[in-house]
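Hi,

Here is the structure I promised to pass on. Have a look first, and then read on for what turned up in it.

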Amino acid sequence: MPKGKKKEKPKDCDTKVLIVFYSHTGSTKVMAKKIAREICADILEIKPAKEVTKSGLKFLWGGAQAVMKKEPELKPLKKDPEDYDVIIIATPVWASNMTPPVRTFLNKHMARKKKVALIAKADGNAGKTIPSMKELLVKCKIIATLELVGNYADKKADFELDIEDFVGTVQEKV
Ligand SMILES: Cc1cc2nc3c(=O)[nH]c(=O)nc-3n(C[C@H](O)[C@H](O)[C@H](O)COP(=O)(O)O)c2cc1C
């Protein structure tokens with residue numbers, strides 16, 4: 001479908017779609033909620049049992065955790081991914097990769113075959129985030145991917161078009 005072409009609204013909200021996201025400073029959360037509204041999806045925020053510091057040290061500590069492919073323990077999930085046929089997973093980009101809580105989620109909760117769509121939210125470059133996520137989802141069918149690079153307020157028009165395309169692709173393949 002051509003970029004930016006309007007898609008029909010979902011006919012109903014009965015589809016079993018879940019958007020799972022981690023967000024440290026809130027921007028991925030805003031995007032995940034927006035997409036959830038457009039797709040009529042349920043939403044699940046994952047949080048590590050011990051959150052990374054909000055101070056400037058987060059770049060050093062969080063980046064190192066991402067590079068070392070750490071898998072921190074998560075707080076109990078408030079929804080069961082097993083109840084859903086389609087899962088959209090959104091992560092901020094840390095050190096050109098997925099965040100550690102998302103790595104935990106992919107390895108612990110995505111072992112069964114499902115349709116999956118992936119979102120990476122970055123400031124400058126999503127790096128190998130989407131390819132790395134795909135590597136952990138060998139049993140799943142990847143139906144769509146989306147890289148949101150930059151600040152939503154600055155790039156609103158571009159983001160809206162890309163999100164619209166992503167939503168349309170997911171709706172076609174659900
Ligand atoms: C530890 C850390 C590492 C990051 N590494 C990258 C990076 O490699 N590339 C990039 O474009 N942005 C990087 N960022 C910026 C975040 O991906 C970006 O601000 C994202 O929108 C944050 O999402 P959130 O607000 O949902 O936490 C990094 C941020 C942190 C905290």
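To start with something you can check on screen: which residue stands opposite Leu-146 in β5? That residue is Ile-119.

Before the rest, two notes on how to read this. The model is a predicted one, with local features needing pLDDT of at least 70 and side-chain atom pairs counting only at pLDDT 80 or more, while totals for chains, interfaces and linings use all residues. Residue numbers start from 1 along each chain, as its sequence is written.

**The overall layout**

The chain has five helices and five strands. Both are DSSP runs numbered from the N terminus: helices are H or I with at least four residues, and strands are E with at least two. Going along from the N terminus, the order is β-α-β-α-β-α-β-α-β-α. The radius of gyration is 15 Å, close to the 16 Å that the globule rule gives for 174 residues, so the chain is as compact as a globular protein of that length. (That radius is taken over C-alpha atoms, and the rule is 2.2 Å times the number of residues to the power 0.38.) Along the principal axes, the C-alpha atoms fill a box of roughly 45 × 35 × 25 Å.

Contacts here mean that two C-beta atoms, placed from the backbone, lie within 7 Å. Among contacts between residues at least 6 apart in sequence, 81% join residues at least 24 apart.

**The sheet**

The five strands make an open, parallel sheet in the order β2-β1-β3-β4-β5. Strands β2 (42–45) and β5 (141–149) are at the edges with a single partner strand each, so one side of each has no neighbour in the sheet. Neighbouring strands are turned by 15° against each other on average, direction ignored. Helix α1 (residues 27–39) packs on this sheet and touches β1 (17–21), β2, β3 (86–92), β4 and β5, and its direction makes about 175° with that of β1. For those angles, axes are lines fitted to C-alpha atoms (for helices, over the stretch in contact), and values run from 0 to 180 degrees between N-to-C directions.

Strand pairing needs at least two bridges found by DSSP. β4 (residues 115–122) is joined to β5 by eight bridges, in parallel. On the other pairing, β3 and β4 share seven bridges, also parallel, and Ile-87 has Val-116 in β4 as its bridge partner.

How many of the eight residues of β4 are buried? Six are, so β4 is largely enclosed by the rest of the structure. Buried means 20 or more other C-beta atoms within 10 Å of a residue's own, exposed means 12 or fewer, and partly exposed is in between, again with C-beta atoms placed from the backbone. Over the chain, buried residues make up 33% of the 174.

Leu-146, in strand β5, counts as buried because it has 23 C-beta neighbours inside 10 Å. Leaving aside neighbours within four places in sequence, Leu-146 is in contact with Ile-119, Asp-162 and Phe-166. Leu-146 and Leu-118 are 28 residues apart in sequence, yet 6.3 Å apart C-alpha to C-alpha.

Ile-39 belongs to helix α1 and is buried too, with 23 C-beta neighbours inside 10 Å. Ile-39 and Val-170 are 131 residues apart in sequence and 8.3 Å apart in space, C-alpha to C-alpha.

Cys-40, in the loop between α1 and β2, has phi near 60°. Cys-40 is partly exposed, with 15 other C-beta atoms within 10 Å. Ala-95 has phi of about 50° and sits in the loop between β3 and α3 (100–109). Ala-95 is partly exposed as well, with 17 other C-beta atoms within 10 Å.

**Around the ligand**

The ligand is surrounded by 22 residues, the closest being Ser-23, Thr-28, Gly-62, Pro-92 and Ala-122. To be included, a residue needs its C-beta atom, placed from the backbone, within 6 Å of the molecule. Elements giving two or more residues to this shell are α1, α2 (57–67) and β4. Which element gives the most to the shell? That is α2, with four residues.

Best wishes
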